[in-house]
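User: I've got a structure open and would like to go through it piece by piece. Can we start with how the helices pack?

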Amino acid sequence: MNKWILLILSLLLLSACEKDEPVPDVHISERTVLVWLAGDNNLYSEVPHKLSALAEGFRNAAPSDCRLLVYADRRGNYPQLIEIMPDGNQSVLETYPAQNSASPETFSRFLNYMMETAPARHYGLILFSHATGWLPQGALENPTLEEKPLSRTVFDDNGEQMTLAELADALPTDVRFDYIVFENCFMGGAEVAYALRDKADRLLVSSAEILSPGFEEIYSSSLYRLFAPTPDLSGFAADYYNYRNAKSGNHRSATVSVINTSAMPQLASLVSEIIGGSTSLDEEKLKTMQRFNRHDYTLFFDLEEYLRELAPDRATEIRTAISEAVEYAAATADFMPTYDHGFHIARHCGLTVYIPQSRFPALNAAYNETAWHRATRYPGRKVICGGRRCGPGCRRWGLSSGGCRRESSSRCRRD
């Protein structure tokens with residue numbers, strides 16, 4: 001009997017010791033920013049220079065209780081996760097085997113890692129790579145989609161891409177970023193801002209291309225704006241614009257804007273009213289409208305000009321709605337004027353939009369799958385995937401809804 005009593009007491013003592021074992025504290029910073037340098041492509045030479053500029057900018061920023069993580073992948077090197085310290089030194093946290101930095105699974109995994117190892121009250125993202133906004137793979141250079149000579153969507157990793165819908169799905173649902181800075185071309189579309197309306201408060205984007213070396217030249221002097229208690233995205237955007245606008249010739253080429261995503265649903269509602277109550281524009285008219293891509297066709301139009309052409313009597317209402325969505329917008333007078341299809345910038349509201357065109361039926365069909373198109377053409381409609389109602393939608397429409405995002409697009413239909 002005494003042996004059993006001793007055994008029981010020992011077990012109770014062991015259990016008590018386990019319960020009393022201290023749990024290590026995890027410090028929660030004020031802000032953590034992750035920079036995603038997806039440079040396993042022809043932009044590889046910019047990656048080390050951006051790292052140096054970010055390090056100098058973080059040292060100059062003297063942020064209070066903030067952390068800066070950089071995922072850096074470039075051609076010829078293994079991907080690394082680096083933490084830039086307040087003194088500007090770079091600490092390599094991990095080196096990884098070759099992996100696809102344009103994979104939504106890879107991107108999502110590192111976002112989760114960031115929130116587990118560098119938790120913060122506020123988060124920001126800076127994304128760098130090739131991009132073409134909402135466009136499908138290869139559509140910028142060949143909008144008929146018969147061939148895919150160039151592959152630029154949101155990220156590019158040695159020919160592998162991530163689509164806008166995959167980017168939206170990869171971003172966590174339980175964390176809303178204060179901002180996403182896109183150091184990528186053509187991310188100023190209403191299609192982009194609407195797809196990310198639930199993921200970040202603000203977006204810093206460009207309607208046209210971003211000339212090399214992108215934001216590298218202003219990171220050292222302006223990065224502090226992104227670590228302020230109230231991040232100053234408009235100030236950062238203005239610094240970039242002023243830097244470019246002070247140059248000459250083709251180097252004096254830039255578009256930049258800051259989007260308040262909370263205003264996108266209201267803007268989509270207005271667009272739905274205007275499109276639903278008007279006729280389509282003559283395609284000859286499209287040739288005279290403001291463009292933001294350097295080709296003999298236009299895939300990125302100025303949103304305000306488009307809406308004013310459809311509903312000239314609602315110009316004031318249109319301006320008000322766009323001004324609520326666009327907190328800052330600036331553009332140089334011309335964009336690469338001596339290059340083929342360089343263009344003059346007479347209008348720049350800060351948001352672009354695609355206008356369907358009869359010569360691009362495959363591209364029009366792809367556009368029909370975007371969340372923006374569904375919101376502006378079929379407001380309030382539900383989507384059925386495989387005979388099951390999927391709440392807000394499924395992947396066919398550029399949305400996600402749990403298991404429905406894995407359904408084949410051929411099984412999805414509007415309800």
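Analyst: Start with H8 and H10, whose crossing is left-handed. Keep in mind that this is a predicted model.

User: At roughly what angle do the axes of H8 and H10 cross?

Analyst: The angle is roughly 35°, and the two axes come within 10 Å. H10 covers residues 303–310.

User: Which residues meet there, H8 against H10?

Analyst: From H8 they are Leu267, Val271, Ile274 and Ile275. On the H10 side they are Leu303, Tyr306, Leu307 and Leu310.

User: And how does that contact divide by class?

Analyst: The contact of H8 with H10 has 8 nonpolar residues, with no polar and no charged ones.

User: OK, cavities. How many of 30 Å³ or more?

Analyst: There is 1 cavity of 30 Å³ or more. The volume of the largest cavity is about 60 Å³.

User: What lines the largest cavity?

Analyst: The lining consists of Val271, Ile275, Tyr306, Val353, Tyr354, Tyr367, Trp372, His373, Thr376 and Arg377. Two helices give two or more residues to this lining, H8 (264–276) and H13 (371–377).

User: Which element gives the most to that lining?

Analyst: H13 does, with 4 residues. By class, the lining of the largest cavity has 7 nonpolar residues, 2 polar and 1 charged. Val271, Ile275 and Tyr306 are among the lining residues, and these three also take part in the contact of H8 with H10.

User: Switching to the sheet. What's the strand order?

Analyst: It is an open sheet of 9 strands, ordered E4-E3-E2-E1-E5-E8-E9-E10-E12, and the pairing is mixed.

User: Why is one side of E4 and of E12 left without a neighbour in the sheet?

Analyst: E4 (90–95) and E12 (326–331) stand at the edges and each has a single partner strand, so one side of each has no neighbour in the sheet. On average, neighbouring strands of this sheet are turned by 15° against each other, direction ignored.

User: In which sense do E8 and E9 pair?

Analyst: Parallel, over 4 bridges, between residues 177–183 of E8 and 200–205 of E9. Tyr179 has Arg202 in E9 as its bridge partner.

User: What does H3 touch when it packs on the sheet?

Analyst: H3 (residues 104–117) touches E1, E2, E3, E4, E5 and E8. The direction of H3 makes about 155° with that of E1.

User: Last topic, backbone. What is the peptide bond from Ser212 to Pro213, cis or trans?

Analyst: That bond is cis, with omega near 10°. Pro213 sits in the loop between E9 and H6 (216–222). For context, most peptide bonds are trans.

User: What about phi of Phe186, positive or negative?

Analyst: Positive, near 60°, and the residue is not a glycine. Phe186 lies in the loop between E8 and H5 (190–195). Most residues other than glycine have a negative phi.

Conventions: Residues are numbered from 1 along each chain as its sequence is written. This is a predicted model: local features need pLDDT of at least 70, side-chain atom pairs count only at pLDDT 80 or more; totals for chains, interfaces and linings use all residues. Side-chain values use heavy atoms; hydrogens and water are left out. On a 1 Å grid over the protein atoms alone, a cavity is a set of points where a 1.4 Å probe fits but cannot get out, and a pocket is an open set with protein on both sides within 12 Å along at least five of seven lines; lining residues have an atom within 4 Å of a point. Grid points are joined across faces, edges and corners, and a volume is the space filled by probe spheres set on the points. Ala, Val, Leu, Ile, Met, Phe, Trp, Tyr, Cys and Pro count as nonpolar, Asp, Glu, Lys and Arg as charged, and the others, Gly among them, as polar. Two strands pair if DSSP finds at least two bridges between them. Axes are lines fitted to C-alpha atoms, for helices over the stretch in contact, and angles run from 0 to 180 degrees between N-to-C directions. Contact means heavy atoms within 4.5 Å. A crossing is left-handed if the near helix is turned anticlockwise from the far one by less than a right angle, and right-handed if clockwise.
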